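Dear colleague,

Please find below the structure that I am handing over to you. The notes that follow it set out what was found.

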Protein chains: 2
Amino acid sequence: MRIFAVHGITQSGKTTTIENIIKQLKKRRYSVASIKDIHYEKFAIDQEGTNTHRHRMAGSELVTARGYYETDILFPKRLSVESILRFYTQDYVVMEGVIDTNAPKIITAHGTEEIDEKLDDTVFAISGRISNELKQYKGIPVINPITDIERLVDLIEEKVYEKLPEFPKECCDVCGYNCRELGIEILKGKAKREDCMIGHENQNIKLFINNQEIPMVPFVQKILYNAVIGVVTELDGYQKGGNLMVKVGER
Amino acid sequence: MRIFAVHGITQSGKTTTIENIIKQLKKRRYSVASIKDIHYEKFAIDQEGTNTHRHRMAGSELVTARGYYETDILFPKRLSVESILRFYTQDYVVMEGVIDTNAPKIITAHGTEEIDEKLDDTVFAISGRISNELKQYKGIPVINPITDIERLVDLIEEKVYEKLPEFPKECCDVCGYNCRELGIEILKGKAKREDCMIGHENQNIKLFINNQEIPMVPFVQKILYNAVIGVVTELDGYQKGGNLMVKVGER
């Protein structure tokens, strides 16, 4: 799963940029999903007076509204991006206005001051209204989201890498960086996604809960690997180097 | 996780019954969640014109709206109850108007004809408006959801069992029944939840090497189970009772 964010103030062309990116990615046969952060204190998708709102008011901790054509799972709290992404399986996830992430970013803006406020090493493109005036800014390409969407999505395909974990450096620095730093090095072309041992093919033990992969730092990978191998090597039928799978069902 | 459904036509006291059940369960310190089935063709929780609606129209296959106090994951399709429940971890899940389930049921009604239409062996209580007139019907207790909520929730605690799987008989009949039949036998007191080998503490752990199941005596099952669970319970993303899979492959 490849994830990236689009940041920009109101009316800078953010949602239009995202719409066109989604359409173009779909045209290229990717599966695409999105997350929208709503910076409005009173936001509530469920209206007062609905039955689901009554469930929630009575104390229901997780409410789902299921219609004929949609299913809405309503968590009564702010989930972290990592928790939300556990529900996602698509090729690309576009995040609108989401700040608590290390993912690569596109900035949309009216002018250069707005860019300067948001510019950091995770930005790989600039788009939105400013693209009518500039072609590049401080070495970052400025691309029109309407007339030049193909080039913008070419750049997404080139730059946006398979999602990295978000571990603190104390938990894992096997690649020599923390996760955010590695992301920046990948964007610069100075490192590769494969330098991360987690969520990649060179990881030899994986853990899934309800079909979602649970990331483990190498230290934990080793403990789990040793725990499993330690038990099963003694069993009749064990093959060294065979593909091994352990399943634990619902209790 | 214990799940049950409440069925009844409009104005039969369905949502009031559910509200009072949720409040009473919470009072008894259970965690509670709910699912509401909306039988209204045009139901759409997200209003036209919002940014999330624009994402969806552009082709986003899964949209999340995250505010300061809620996170709404909007699937643009009808999910099965089994799929929805994968997001749930609470002690009790109350389902309003959900039909595609084998779970025990409470019927709410105005009169006996409405009961007769819905009555089957999965019904363990009747509530709603009819409870002003009757105390029992065809051997099923009729309980007032306002004045007698404690007795209704006592009955829920007594009758509603840990969720059963929903396998077709061809996949599993180890207990001698299919899953729906076993549920009915449990409600009648003629079988126990433990008769199901799946989703219970006596659930076995399975080991596969190169897709071949390696048989393990219960003693070894327990060692491997403890070894795996001992490591993974501490991980972020671990869900008690979730389906767990560990894969070990060649590097």
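This is a predicted model: local features need pLDDT of at least 70, side-chain atom pairs count only at pLDDT 80 or more; totals for chains, interfaces and linings use all residues.

**Helix α6 of chain A**

The buried residues are A:Cys179, A:Leu182, A:Gly183, A:Ile184, A:Glu185, A:Ile186 and A:Leu187. They pack against two elements of chain A, namely β7 (123–127) and α5 (149–159). At the start of the helix, the backbone nitrogen of A:Arg180 has a side-chain oxygen of A:Asn178 within 3.1 Å.

The side chain of A:Arg180 also takes part in a salt bridge with A:Asp120, at 3.8 Å from N to O. Because A:Asp120 lies in the loop between α4 (112–118) and β7 of chain A while A:Arg180 belongs to helix α6, the pair ties together parts that are 60 residues apart in sequence. Both partners are partly exposed: A:Asp120 has a relative accessible area of 29%, and A:Arg180 has a relative accessibility of 34%.

**The interface between chain A and chain B**

How many residues of each chain are in contact with the other? The contact involves 95 residues of chain A and 99 residues of chain B. The area buried between the two chains is about 9800 Å², and carbon and sulfur atoms give 55% of this area. Between the chains, 55 residue pairs are in polar contact. Helix α7 (residues 218–232) of chain A supplies the largest share of the side of chain A that touches chain B, with 8 residues. That side of chain A divides into 48 nonpolar, 24 polar and 23 charged residues.

Strand β3 (residues 63–66) of chain A runs parallel to strand β2 (residues 32–37) of chain B, and 4 bridges join them. Within this pairing, A:Val63 has B:Ser34 as its bridge partner.

**Salt bridges**

Side chains of opposite charge can pair when their charged atoms come close. Over all chains, the whole structure holds 28 salt bridges. Across the interface of chain A and chain B, 10 salt bridges are found. One salt bridge between the chains joins A:Arg56 to B:Glu70, with the closest N and O atoms 3.6 Å apart.

A further salt bridge is formed by A:Glu19 and B:Arg54, at 3.0 Å from N to O. This pair crosses between chains, from helix α1 (residues 14–27) of chain A to helix α2 (residues 51–58) of chain B. Are the two partners buried or exposed? A:Glu19 counts as buried at 16% relative accessibility, whereas B:Arg54 is partly exposed, with a relative accessible area of 28%.

Within chain B, B:Asp37 and B:Arg78 form a salt bridge whose closest N and O atoms are 3.3 Å apart. The pair links distant parts of the chain, 41 residues apart: B:Asp37 is in strand β2, and B:Arg78 is in the loop between β4 (71–75) and α3 (81–85) of chain B. B:Asp37 counts as buried, at 2% relative accessibility, while B:Arg78 counts as partly exposed, at 35%.

Finally, a network of salt bridges links A:Asp37, A:Arg78, A:Asp100 and B:Arg66.

With kind regards

Methods: Residues are numbered from 1 along each chain as its sequence is written. Chains are lettered from A and ligands numbered from 1 in the order in which they are written. Side-chain values use heavy atoms; hydrogens and water are left out. Contact means heavy atoms within 4.5 Å. Buried area is the accessible area (1.4 Å probe) that two parts lose on being put together, summed over both. A salt bridge is a side-chain nitrogen of Lys or Arg within 4 Å of a carboxyl oxygen of Asp or Glu. A polar contact is a pair of N or O atoms within 3.5 Å; within protein, one must be able to donate a hydrogen and the other to accept it, and residues adjacent in sequence count only if both atoms are side-chain atoms. Ala, Val, Leu, Ile, Met, Phe, Trp, Tyr, Cys and Pro count as nonpolar, Asp, Glu, Lys and Arg as charged, and the others, Gly among them, as polar. Two strands pair if DSSP finds at least two bridges between them. Buried means under 20% relative accessible area, exposed over 50%, partly exposed in between (1.4 Å probe, protein chains only).
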